[in-house]
Amino acid sequence: MSSSTERRTDGRGRTTGSVLSGLAVAVGCVLFLGGFVWAALIYRPYTVPTDSMSPTIAVGARVLAERVDGSEIRRGDIVVFKDSTWGTLPMVKRVVGVGGDKISCCTKQGRLTINGNPVEEPYLQGSGPASPVGFKAKVPTGQLFLLGDHRSDSLDSRVHLTDGDHGSVPRSAVEARVDARAWPLGSVGVMQRPAAFSALPGGTSQPGPVRPITLAVVAGAVLILAGAAYGPLARRKARKRA
């Protein structure tokens with residue numbers, strides 16, 4: 001009688017375990033695949049072709065850029081844009097000025113100024129001034145002034161200062177805003193908004209849903225692995241009992 005009861009109890013335990021295992025795998029698949037679908041709808045991958053954004057983004061690095069309208073761009077954002085004056089390929093630069101801003105470089109301390117306000121730029125390559133060559137520009141309405149983080153090795157708005165728009169590009173030229181680094185693995189992470197720009201009018205932008213998307217993918221993978229591991233572990237435990 002005791003042996004029969006023990007077999008029935010074990011059977012119910014195995015059945016419950018199998019149901020929970022299957023449920024974990026199913027939920028995991030939804031989260032894992034749903035995360036990738038979500039990301040594909042919002043983000044586009046880009047490869048940075050030059051060293052102009054180093055050390056923030058190294059040459060050859062892969063980034064995830066959120067599809068946004070140019071009107072959503074704020075100072076400090078790193079954007080992917082295409083402008084015929086700059087060339088035929090998409091480029092990646094940091095926005096330092098928006099319409100109406102007066103950009104100047106450099107102060108005695110070597111800083112860039114926006115409307116007379118010095119800006120601390122900890123993301124720059126090296127410890128020298130914010131630009132090896134001094135410049136001034138007023139950004140026309142509806143335009144963006146863009147610079148690379150590696151100022152001594154970046155062909156950016158400074159090169160186009162003599163153009164009709166004082167080196168700026170229209171907001172409509174923006175294709176996406178970089179939210180995260182995806183490759184190489186050692187540099188993976190969400191792009192931080194520079195604190196120095198948050199105090200200026202308009203503040204800084206908010207990152208897209210890259211964190212919840214990542215959480216969904218990771219949680220899905222964990223559930224799938226945990227659910228799939230139940231069967232082998234249960235069989236191994238049963239053999240030990242036997």
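Buried here means under 20% relative accessible area, exposed means over 50%, and partly exposed is in between, with a 1.4 Å probe and protein chains only. Before I go on, please keep in mind that this is a predicted model, where local features need pLDDT of at least 70, side-chain atom pairs count only at pLDDT 80 or more, and totals for chains, interfaces and linings use all residues. Residues are numbered from 1 along each chain as its sequence is written, and side-chain values use heavy atoms, with hydrogens and water left out.

Back to our pair. The side chains of Arg 75 and Asp 101 meet in a salt bridge, at 2.8 Å from N to O. By salt bridge I mean a side-chain nitrogen of Lys or Arg within 4 Å of a carboxyl oxygen of Asp or Glu. This one links distant parts of the chain, 26 residues apart: Arg 75 is in the loop between strand 2 (62-66) and strand 3 (78-81), while Asp 101 is in the loop between strand 4 (91-98) and strand 5 (102-105). Helices (H or I, at least four residues) and strands (E, at least two) are DSSP runs, numbered from the N terminus.

How many salt bridges does the structure hold? There are nine salt bridges. Arg 193 takes part in a salt bridge with Asp 77, where the closest N and O atoms are 3.8 Å apart. Arg 193 lies in the loop between strand 12 (189-190) and helix 2 (195-198), and Asp 77 in the loop between strand 2 and strand 3, so this pair ties together parts that are 116 residues apart in sequence. Both Arg 193 and Asp 77 are buried.

Arg 193 also meets Asp 179 in a salt bridge, at 3.2 Å from N to O. Asp 179 sits in strand 11 (residues 174-183) and Arg 193 in the loop between strand 12 and helix 2, so the two tie together parts that are 14 residues apart in sequence. For Arg 193 the relative accessible area is 18%, and for Asp 179 it is 0%. Salt bridges that share partners join Glu 66, Asp 77, Arg 177, Asp 179 and Arg 193 into one network.

Now to strand 3. Ile 78 and Val 80 point one way from this strand, Val 79 and Phe 81 point the other way, and all are buried. Strand 3 runs antiparallel to strand 4, joined by four bridges, and Ile 78 stands opposite Arg 94 there. Three bridges join strand 3 to strand 11, also antiparallel, with Val 174 as the bridge partner of Phe 81. Two strands pair if DSSP finds at least two bridges between them.

Last stop, the cysteines. Which two form a disulfide? Cys 105 and Cys 106 do, with their sulfur atoms 2.0 Å apart; the cut-off for a disulfide is a pair of cysteine sulfur atoms within 2.5 Å. The link is right-handed, with 70° about the S-S bond. Cys 105 is buried at 6% relative accessible area, whereas Cys 106 is partly exposed at 32%.

Cys 105 stands opposite Phe 135 in strand 8, and four bridges join strand 5 to strand 8 in antiparallel fashion. These strands belong to an open sheet of four strands, in the order 7-6-5-8. Its edge strands, strand 7 (117-119) and strand 8 (135-138), each pair on one side only.
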